[in-house]
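Please look over the sequence and structure shown here before reading the briefing that follows.

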Number of protein chains: 2
Amino acid sequence: MDEIEPYIVRPIGIVRSTLTAPAEAPNQAFEGAPAAVLEIEPIYTDALHRIRVGDELILLTWLHLAHRDVLKTHPTGDTTIPLTGVFRTRSPDRPNPIGLHRVTVTALEGPTTLRVGALETIDGTPIIDLKIAMREAPEA
Amino acid sequence: MDEIEPYIVRPIGIVRSTLTAPAEAPNQAFEGAPAAVLEIEPIYTDALHRIRVGDELILLTWLHLAHRDVLKTHPTGDTTIPLTGVFRTRSPDRPNPIGLHRVTVTALEGPTTLRVGALETIDGTPIIDLKIAMREAPEA
């Protein structure tokens, strides 16, 4: 295999949420997560241009409390499910702990503050990317 | 805003594809991308445990040829579409150039080599994460 170099991820913002502990966070947004606020760094104002209320965005986070050395887990913490490689799960514990979330923009509160609907991520989670969601290709 | 520290992403593998130049790559897999191979580093063998043929996975890549200083772009390169913030596009050019792809596992070729269906990513692209796709929450 070619040598593969590491890369530096610089967070572009931070999640503000009433969820403050991982134990409070549901596994998925549709399991009853609260609304949240995305505070984006002002240097990225231009990268938010044309985002509007109603947009569906894919939010990528850095799950800063995750354990990067875990390679197998019981999915959803259910020990009746056999140990499974983390690359076949949605566990936050994984070598590069990137969280993937679909959110709807519900309000624009200033040039770099977006209010969004249900989000299963705790307060203070770093944001590393936003992308428009695509209906034609649900996950890509 | 809290101080947000940078993080190190260590690639977990590499894409092998007949696509060798970005100009050849379609914008999305459903636009005629070829099949590809995911070569995962052997140290992550356990993280692939229980992945099987037919699984749908979300593949995260590091788009190593992207320009990280681009904040606005014409979506899909179409100059008739107004300049748009990259966070409202799928452009590879963005502050943290993470690619998001949905793939289907078509064959297991050894403990850390997965053959997958259509993938719009060029040969040599670093892989940074794999997750199981979820039907209930198409993009998260």
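**Briefing on a predicted model**

At 2% relative accessibility, B:Trp62 counts as buried, a class that means under 20% relative accessible area, against exposed at over 50% and partly exposed in between, with a 1.4 Å probe and protein chains only. This is a predicted model, in which local features need pLDDT of at least 70 and side-chain atom pairs count only at pLDDT 80 or more, while totals for chains, interfaces and linings use all residues. Residues are numbered from 1 along each chain as its sequence is written, chains are lettered from A and ligands numbered from 1 in the order in which they are written, and side-chain values use heavy atoms, with hydrogens and water left out.

**Aromatic pairs**

- A search of the whole structure finds 4 aromatic pairs over all chains, where rings of Phe, Tyr and Trp (its six-membered ring) pair if their centres lie within 6.5 Å, and planes under 30 degrees apart count as stacked, over 60 as edge-to-face and the rest as tilted.
- One of them is stacked, because the ring centres of A:Tyr7 and B:Trp62 are 5.0 Å apart with their planes at 20°.
- This pair crosses between chains, from A:Tyr7 in strand β1 (residues 7-9) of chain A to B:Trp62 in strand β4 of chain B, strands being DSSP runs (E, at least two residues) numbered from the N terminus.
- A:Tyr7, at 12% relative accessibility, counts as buried.
- A:Tyr44 and B:Phe87 form a tilted pair, with 6.3 Å from centre to centre and 55° between the planes.
- That pair also crosses between chains, linking the loop between β3 and β4 of chain A, which holds A:Tyr44, to the loop between β6 (84-85) and β7 (98-108) of chain B, which holds B:Phe87.
- Both A:Tyr44 and B:Phe87 are buried.

**Barrel of chain A**

- In chain A, 6 strands close into a barrel in the order β2-β3-β8-β7-β4-β9, with antiparallel pairing; two strands pair if DSSP finds at least two bridges between them.
- Strand β4 (residues 56-62) of chain A is joined to the antiparallel strand β9 (residues 126-132) of chain A by 5 bridges, and A:Thr61 has A:Ile127 in β9 as its bridge partner.

**Backbone at Arg50**

- A:Arg50 is not a glycine, yet its phi is positive, at about 80°; A:Arg50 lies in the loop between β3 (36-40) and β4 of chain A and is partly exposed, with a relative accessible area of 30%.
- In chain B, the phi of B:Arg50 is likewise positive, near 80°, and B:Arg50 is partly exposed at 28% relative accessibility.
- Most residues other than glycine have a negative phi.

Definitions and conventions
Helix = DSSP H or I, 4+ residues; strand = E, 2+ residues; numbered from the N terminus.
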